[in-house]
Amino acid sequence: MRYAQLVIGPAGSGKSTYCSSLNQHCETIRRTMHIVNLDPAAEVFNYPVAMDIRELVSVDVVMEELKCGPNAALIRCMEYLEDSLYNWLDEELENFTDDDYLVFDCPGQIEIFTHVPVLKNFVEHLKKNGFNVCAVYLLDSQLELPHVNILSKMDLLQDKSNIEEFLDAEPRTMLAGLNQRMAPQFAKLNKALIELVGQYSMVRFTPLDLRKERSIQYVLSEIDKCIQFGEDAEVKIRELDEDMDQLEL
């Protein structure tokens, strides 16, 4: 068995910084991990690149040859990657052996998720090659706001039998899992991390099935609850009722 992280998230959310820090940490604890660049527009790396999509195709070359902008060039590059899964990618993966751990640093442009199925097919190809894959989604915490994480396209999910355990992870269960897997000196850090996650609802997902009105209403109610929508109106109604009661007296 081989293992992989697919590091995704908006542009500027810190994906490459995460990969660099992860690489440094693994070097410190003497654990082998290979970072793969999947961004054909990347220029500078703060980690050793074990595999690089730019050896296959780059945004600059596509822009020059097709006379197109960077976003269109990125999509073309990712489509070319999809066409090369059974040759270039398979040849590159032959350089890694069983138990190897790869971290794929992905582009942040939303177009590669909304316009083309490249990453989905890429992940399926990794699975067929014996990889256990986890998606690591980075979200910038600088906003310091409660988060409503929506798990979309539930209507396309065939097997929903185990979905509940992923929708609302219990903090104590997460803390127990962290403490079980990490050394005792990290206990205070784990506790602080789980408290932060719980405070901002970072590991809670609201399922959205667009075919069902009640699902849309539930998502809306979760967002309304976060921003306290309607509470001010309720207070004003209560105050008005009290004023009316006073007048009647």
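I started with Asp52, which sits in strand 3, residues 49–52. The model is predicted, so I treat each value here as computed from that prediction.

Is Asp52 buried or exposed? I found a relative accessible area of 7%. The cut-off for buried is under 20%, so Asp52 counts as buried.

Next I asked which residues touch Asp52 beyond its neighbours within four places in sequence. I noted Asn37, Phe45 and Trp88.

I also checked Asp52 against Asp105. They are 53 residues apart along the chain. Their C-alpha atoms are separated by 9.8 Å.

Which residues form the negative patch? I listed Glu43, Asp60, Glu64 and Glu65. Glu64 belongs to helix 2, which spans residues 59–66. Its relative accessible area is 59%. Exposed means over 50%, so Glu64 is exposed.

Last entry: the nonpolar surface patch. I wrote down Ile150, Ile223, Ile227 and Phe229 as its members. Together they have about 390 Å² of accessible area.

Where does Ile150 lie? I placed Ile150 in strand 6, residues 149–151. How does Ile150 count by accessibility? I read 36% relative accessibility for Ile150.

Conventions:
Residues are numbered from 1 along each chain as its sequence is written. This is a predicted model: local features need pLDDT of at least 70, side-chain atom pairs count only at pLDDT 80 or more; totals for chains, interfaces and linings use all residues. Side-chain values use heavy atoms; hydrogens and water are left out. Patches are made of residues with over 30% relative accessible area and no salt bridge: like charges are joined within 9 Å, nonpolar side chains (Val, Leu, Ile, Met, Phe, Trp, Tyr) within 5 Å. Accessible areas come from the Shrake-Rupley method with a 1.4 Å probe; for residues, only the protein chains shown count as cover. A salt bridge is a side-chain nitrogen of Lys or Arg within 4 Å of a carboxyl oxygen of Asp or Glu. Lys and Arg count as positive and Asp and Glu as negative; His and the chain ends are not counted. The place of a charge is taken as NZ of Lys, CZ of Arg, CG of Asp or CD of Glu. Helices (H or I, at least four residues) and strands (E, at least two) are DSSP runs, numbered from the N terminus. Buried means under 20% relative accessible area, exposed over 50%, partly exposed in between (1.4 Å probe, protein chains only). Contact means heavy atoms within 4.5 Å.
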